[in-house]
Amino acid sequence: MPHDEQVQLAAEGFRLLADPTRIKILWALMQGESSVACLAELVGAAPTAVSQHLAKLRLAGLVRGRREGTFVYYSAADVHVQRLLTEALFHADQHDSGATADTPARPAGLDLGR
């Protein structure tokens with residue numbers, strides 16, 4: 001069994017990922033680092049909302065910020081965050097397509113980097 005602290009941290013990470021805008025933000029950050037303004041345009045949300053989402057994701061260790069002058073550029077924290085998101089989206093795509101373990105579906109429009 002995992003330690004209680006590990007379970008709590010994992011649950012908190014999943015809780016933070018249970019928001020469609022945050023999923024979109026992380027997907028965009030998997031493509032490379034980005035500013036709040038660019039992310040807001042990509043995900044179709046107000047920059048203030050994206051900034052609030054990023055603050056929560058940063059505190060949870062899911063994203064990192066790099067300051068350059070007055071701008072902050074965000075990126076996914078590490079390969080583990082990328083794997084988690086990729087697997088979650090792949091699972092959602094398989095579930096949506098009705099695929100089973102015996103007949104895996106090919107994700108439509110989802111580049112898994114494999």
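**Exercise 1.** In this predicted model, find the bridge partner of Ser 34 in β3.

*Solution.* Look along β3 until you reach Tyr 74, the bridge partner of Ser 34. Next, place the strands: β1 covers residues 34-35 and β3 covers residues 71-76. These two strands pair in the antiparallel sense, over two bridges.

**Exercise 2.** Work out how β2 and β3 pair, and over how many bridges.

*Solution.* Start with β2, which spans residues 63-68. Its pairing with β3 is antiparallel and runs over six bridges. For one example, Val 63 stands opposite Ala 76 in β3. Now follow the chain through the hairpin: two residues lie between the strands, and Gly 69 takes a positive phi near 65°.

**Exercise 3.** Decide how helices α3 and α4 are oriented to each other.

*Solution.* First, find α3 at residues 36-43 and α4 at residues 47-59. They pack at an angle of about 105°, with axes 9 Å apart. Angles of 65 to 115 degrees count as roughly perpendicular, so α3 and α4 are roughly perpendicular to each other. Then look at who meets whom: Val 36, Leu 39, Ala 40 and Val 43 of α3 face Pro 47, Val 50, Ser 51 and Leu 54 of α4. Sorted by class, this contact has seven nonpolar residues, one polar and no charged ones.

**Exercise 4.** Describe the crossing of α2 and α5.

*Solution.* Helix α2 (residues 20-30) and helix α5 (residues 79-97) cross at roughly 120°, and their axes come within 10 Å. That angle makes α2 oblique to α5. The crossing is left-handed. Among the residues making the contact are Trp 27 of α2 and Leu 85 of α5.

Technical notes. Residues numbered from 1 in each chain as written. Predicted model: local features only at pLDDT ≥ 70, side-chain atom pairs only at ≥ 80, totals over all residues. Heavy atoms only, no water. Axes fitted to C-alpha atoms, helices over the stretch in contact; angles between N-to-C directions. Helix = DSSP H or I, 4+ residues; strand = E, 2+ residues; numbered from the N terminus. Parallel < 35°, antiparallel > 145°, perpendicular 65-115°, else oblique. Contact = heavy atoms within 4.5 Å. Nonpolar A, V, L, I, M, F, W, Y, C, P; charged D, E, K, R; others polar. Pairing = 2+ DSSP bridges. Left-handed = near helix turned anticlockwise from the far one by under 90°.
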